[in-house]
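Thanks for coming. I will go through one model this morning, and I will keep to what can be read off the coordinates.

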Amino acid sequence: MAINTTPVYSKSGQISWGTVLTTANTAVDGTGTVVTLFTAGADGARVERIRSRALGTNVATVLRIFINNGGSTAVAANNALYAEMTIAATTISQVSALLTTNEFPNTLDTTAFPIVLPAGYKITATIGTSVAAGLMVTAIGSSYTE
């Protein structure tokens, strides 16, 4: 098999997000209520970071990030739990920025990102406890295809 000796650079930036996460999913196999954050194009993609922001007052929860092989998320064998982070309880304020940004990579796991995804692979997310206002989770990366 030939080895690529030429550097490969992404063709265009890709920023994507799923629907707001509010519903608990206690499954740790990537099945159940999941939100697709990022899908690699025909030539693959690179995800640099994932950022989560609370959209208001929420109880504490855990954010779980999965890599899916492009198949159905309902099949556990298609999903791998990749990273997780505790999300602290939040209280909305209209006079100060109290809603923290939670981001991968973080100081607890500095090597988790970037991720180079094969064609059609996806990054999905779940939360462990239902929250009232929700979490907006955004993936920032680039695509090797236009």
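Before the aromatic pairs, a definition: two rings of Phe, Tyr or Trp count as a pair if their centres lie within 6.5 Å, and planes over 60 degrees apart make the pair edge-to-face. Please also keep in mind that this is a predicted model.

By that criterion the structure holds two aromatic pairs. One of them is formed by Tyr82 and Phe113, edge-to-face, with 5.8 Å from centre to centre and 90° between the planes. What does this pair tie together? Tyr82 sits in strand β5, residues 79-87, while Phe113 is in the loop between β6 (101-104) and β7 (115-117), so the pair connects parts that are 31 residues apart in sequence. The two partners also have their accessibility values. Tyr82 is partly exposed, because its relative accessibility is 31%, and Phe113 is buried, because its value is 6%. Ring pairs link Tyr82, Phe104 and Phe113 into a cluster.

Phe104 and Pro105 are joined by a cis peptide bond, with omega at about 0°. Pro105 is in the loop between β6 and β7. From Phe113 to Pro114 the peptide bond is cis as well, with omega near 5°, and Pro114 lies in the loop between β6 and β7.

Staying with this region, Arg49 is a residue to look at. Arg49 belongs to strand β3, residues 45-54, and is partly exposed at 34% relative accessible area. Which residues does Arg49 touch, if those up to four places away in sequence are not counted? They are Glu103, Phe104, Pro105, Phe113, Thr138, Ala139 and Ile140. So that list takes in Phe104 and Pro105, the two residues joined by the cis bond.

Now the overall fold. The protein has zero helices and nine strands, and along the sequence the pattern reads β-β-β-β-β-β-β-β-β. The radius of gyration is 16 Å, close to the 15 Å that the globule rule gives for 146 residues, so the protein is as compact as a globular protein of that length. Along the principal axes, the C-alpha trace spans about 55 × 35 × 25 Å. Of the 146 residues, 41% count as buried. The accessible surface is about 7800 Å², and carbon and sulfur atoms account for 56% of it. As for contacts between residues at least 6 apart in sequence, 81% join residues at least 24 apart.

The largest nonpolar core has 28 residues, and Leu37, Ile50, Leu63, Ile65 and Ile123 touch the most other members. Which strands supply at least two residues each? They are β2 (35-39), β3, β4, β5, β7, β8 (122-127) and β9 (135-143). The largest share, four residues, comes from β3. Take Leu63 as an example: with neighbours within four places in sequence left aside, Leu63 is in contact with Leu21, Ser52, Ala83, Glu84, Met85, Ile87, Phe104, Ala125, Thr126, Ile127 and Val137.

Asn68 is in strand β4, residues 61-68. Is Asn68 buried or exposed? Asn68 is buried, because its relative accessibility is 0%. The Asn68 side chain reaches the backbone nitrogen of Gly70 at 2.6 Å, and one of its polar atoms lies 3.2 Å from the backbone oxygen of Gly71. Beyond four places in sequence, Asn68 touches Thr73, Asn78, Asn79, Tyr121, Lys122 and Thr124.

The other is Thr31, in the loop between β1 (12-17) and β2. With a relative accessible area of 14%, Thr31 is buried. Its side chain makes a polar contact with the side chain of Asp29, at 2.5 Å. Apart from neighbours within four places in sequence, Thr31 is in contact with Asn25, Thr73, Ala74, Val75, Ala76 and Asn79. Thr73 and Asn79 are also touched by Asn68.

That is the end of my part.

Methods
Residues numbered from 1 in each chain as written. Predicted model: local features only at pLDDT ≥ 70, side-chain atom pairs only at ≥ 80, totals over all residues. Heavy atoms only, no water. Phe/Tyr/Trp six-rings, centres within 6.5 Å; stacked < 30°, edge-to-face > 60°. Buried < 20%, exposed > 50% of the residue type's maximum accessible area, 1.4 Å probe, protein only. Contact = heavy atoms within 4.5 Å. Polar contact = N/O pair within 3.5 Å; in protein donor to acceptor, adjacent residues only side chain to side chain. Core = buried A, V, L, I, M, F, W, Y, C linked by side-chain atoms within 4.5 Å. Rg over C-alpha atoms; globule rule 2.2 N^0.38 Å. Areas by Shrake-Rupley, 256 points an atom, 1.4 Å probe, with all protein chains shown as cover.
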